[in-house]
Amino acid sequence: MKTSHAFAAVLALSLLAPLSRGDADERIRWEPDAAAAFALAASEGKPLLVAFNMDDEVANDEAVRLHYRDPEIVRLSRKLVCLIGSIGDHTDDPGETCPRLGSLTCAQHREVEKEIRRRFIEGNLVEAPQHVLCAPSGEEMFRKAFQMSVPDLKRAMAAALIRAKDGPEARQACLSALRNASESVRALGLVAAYGLEPHPDLAKALRSLARHRSSSVRALAVWALAGQQDPEDEPDFDRFVRSARSPELRELATAAARIHRGEDVPGYANLFGAFFWDRGGDVHLRGSVFY
Ligand SMILES: [Zn+2]
């Protein structure tokens, strides 16, 4: 029962632990060479975060200023192999580390840009900022062009991490990695790590998250909780649904239960869309857990 102990520890921390304070100057460490980075990801089994960035545009500047310095994103980024491409030139000294992006020279991020554009962009138009999450094999899992909120980038990175792993030990490692993440990232991690396997600790956590203040966390929790049910034990879920005070939660739970029974639910995408799809329609979490 090692896994459930780890799980209980994660849950306790989720309720009690404030975010640890990181070094304010810490930021994502970008790999200087794209080919070497793809080889590293494959050999170490790490997913990749691939970012496109451009100068003199507010959303790109925000990504550099906020996203790539966010303590949770930085912490998650240490578990991924990270690449950033930019055609900009930010210093007169070609040997100097890029003052805008850090950890590589401007010549290097221009070379990286060429390679990731070749791999991920059709045509000549690069939408930036843009974030692509890839499996360790380099295969794209999902991407978001243009502005992406800090929490959504965290979710995407956490999901990529979990999807890159398999087996109980990997689950435990992923849960440990998510220990200090925000509640929404942790909820995603729990579901991704445990999938829809019935598990008493997960069911308990999901019941608690089903009352979370964030509607997207509630939606995810209820959706996963419905999938936790043993078909022979539907009354348990029915009791939960009846005990839900909010009509929104009852509606979500009822729809989730029907989806898991294989029924067609009109408006399902809208109900769960806040979590599973970005409003722009171009963020998809793929795989057996996410639809
Ligand atoms: Zn630069």
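Begin by selecting β3 together with strand β4 (residues 140-145), which pair in the antiparallel sense over five bridges; strands here are DSSP runs of E of at least two residues, helices are runs of H or I of at least four, both numbered from the N terminus, and two strands pair if DSSP finds at least two bridges between them. This is a predicted model, in which local features need pLDDT of at least 70 and side-chain atom pairs count only at pLDDT 80 or more, while totals for chains, interfaces and linings use all residues. Residues are numbered from 1 along each chain as its sequence is written.

Within this pair, pick C134, whose bridge partner in β4 is E140, and then the five residues between the strands of the hairpin, where G138 takes a positive phi near 95 degrees.

Next, colour β3 (residues 130-134) by burial: five of its five residues are buried, meaning that 20 or more other C-beta atoms, placed from the backbone, lie within 10 Å of a residue's own, whereas 12 or fewer make it exposed and values in between partly exposed. Q130, V132 and C134 lie on one side and H131 and L133 on the other.

Finally, select helix α5 (residues 106-120), whose buried residues are C106, Q108, H109, V112, E113 and I116. They cover an arc of only 140 degrees, taken over the directions from the helix axis to the C-beta atoms, which puts them on the same side of α5. The face turned away from that buried side carries the exposed K114 and R118.

Key
The expected span of a helix is 1.5 Å times one less than its number of residues.
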